[in-house]
Amino acid sequence: MSNSRKVWGAMLLAAAVTVSVPATAGVANAAPKAKTAKISKAKAAAAKAKAEAAKKAAAAKAAAAKAKAAQPFAAVGTVTAVNPTARTITVQLAAGPKSSRGTSVVIYVSSTTKVVKDEVKGGFDLLAVEDVVTANGTKTATSYVAKNVNAHDLTPEPEEPVVEEPPVVEEPPVVEEPPAEEPPVVEEPPAEEPAV
């Protein structure tokens, strides 16, 4: 073989290798792009799912906060302290949820709260220490706000003494009996003397 043939053969061989490498390299590069696209779609789907989960969690948290923000309450107990400046009463609970019994709660009594004490309607000024109260309203995370407060004094008011008049006793009518007649005096005849 001649040198030129060797050169041409080497050139053809180099051309074949050069042509085949880019064709193979193009296929090889196409596969990673497909994997990258699939990975990108998976990441996007995961991010979307994470965002939806976060949105649901935020909605649940907001619902829990709303439910926790204003819950109804009812309290029955004895007033242990009255703070006219803050318009609050402290109540030692006697009834209610088992977890709260025996504990004290501070209840805010607003100017719109309906207060009734011993069947007398009034305001905050009616409430006093040792009153037995039933209060209801709304409970927030930080306070109790009363809507209605019914109270009564634990010690009964002294009743007016009842003056009993002595019973009227009727005396039986006096029946006058006619004067008793004296029995007639019977004279006895003189006794006879015995004869001797």
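**Strands, charges and contacts**

Biologist: Which strand holds Asp-153?

Modeller: Asp-153 belongs to a strand made of residues 144-153. Helices (H or I, at least four residues) and strands (E, at least two) are DSSP runs, numbered from the N terminus. By that numbering, the strand with Asp-153 is E6.

Biologist: What kind of model is this?

Modeller: Residues are numbered from 1 along each chain as its sequence is written, and side-chain values use heavy atoms, with hydrogens and water left out. Local features need pLDDT of at least 70, side-chain atom pairs count only at pLDDT 80 or more, and totals for chains, interfaces and linings use all residues, since this is a predicted model.

Biologist: In what order do the elements of the protein chain run?

Modeller: The protein chain has one helix and six strands. Read from the N terminus on, the order is α-β-β-β-β-β-β.

Biologist: Is Asp-153 buried, partly exposed or exposed?

Modeller: Buried means under 20% relative accessible area and exposed over 50%, with partly exposed in between (1.4 Å probe, protein chains only). Asp-153 has a relative accessible area of 32%. That value makes Asp-153 partly exposed.

Biologist: Which residues gather with Asp-153 in a surface patch of negative charge?

Modeller: Patch members have over 30% relative accessible area (Shrake-Rupley method, 1.4 Å probe, only the protein chains shown counting as cover) and no salt bridge, with like charges joined within 9 Å and nonpolar side chains (Val, Leu, Ile, Met, Phe, Trp, Tyr) within 5 Å. Asp and Glu count as negative, Lys and Arg as positive, while His and the chain ends are not counted; the place of a charge is NZ of Lys, CZ of Arg, CG of Asp or CD of Glu. Together with Asp-153, the patch holds Asp-118, Glu-119 and Glu-130.

Biologist: Where is Asp-118, and what is its phi?

Modeller: Asp-118 sits in the loop between E3 and strand E4 (120-122) and is partly exposed at 38% relative accessible area. Most residues other than glycine have a negative phi. Asp-118 is not a glycine, yet its phi is positive, at about 50°.

Biologist: What phi does Glu-119 have?

Modeller: Glu-119 is also in the loop between E3 and E4. With a relative accessible area of 80%, Glu-119 is exposed. Although not a glycine, Glu-119 has a positive phi of about 65°.

Biologist: Which residue forms a salt bridge with Asp-131?

Modeller: A salt bridge needs a side-chain nitrogen of Lys or Arg within 4 Å of a carboxyl oxygen of Asp or Glu, and the count comes to one. Its closest N and O atoms are 3.0 Å apart. The pair links distant parts of the chain, 14 residues apart, with Asp-131 in strand E5 (residues 131-139) and its partner in strand E3 (residues 104-117). That partner is Lys-117.

Biologist: Are Asp-131 and Lys-117 buried or exposed?

Modeller: Asp-131 has a relative accessible area of 0%. For Lys-117 the value is 15%. Each residue therefore counts as buried.

Biologist: Which side chain makes a polar contact with that of Ser-110?

Modeller: Ser-110 is in strand E3 and is buried at 14% relative accessible area. A polar contact is a pair of N or O atoms within 3.5 Å; within protein, one must be able to donate a hydrogen and the other to accept it, and residues adjacent in sequence count only if both atoms are side-chain atoms. At 3.0 Å, the side chain joined to Ser-110 is that of Thr-112.

Biologist: How far apart in space are the C-alpha atoms of Thr-140 and Pro-72?

Modeller: Thr-140 lies in the loop between E5 and E6 and is partly exposed, at 27% relative accessibility. Thr-140 and Pro-72 are 68 residues apart in sequence, and their C-alpha separation is 8.8 Å.
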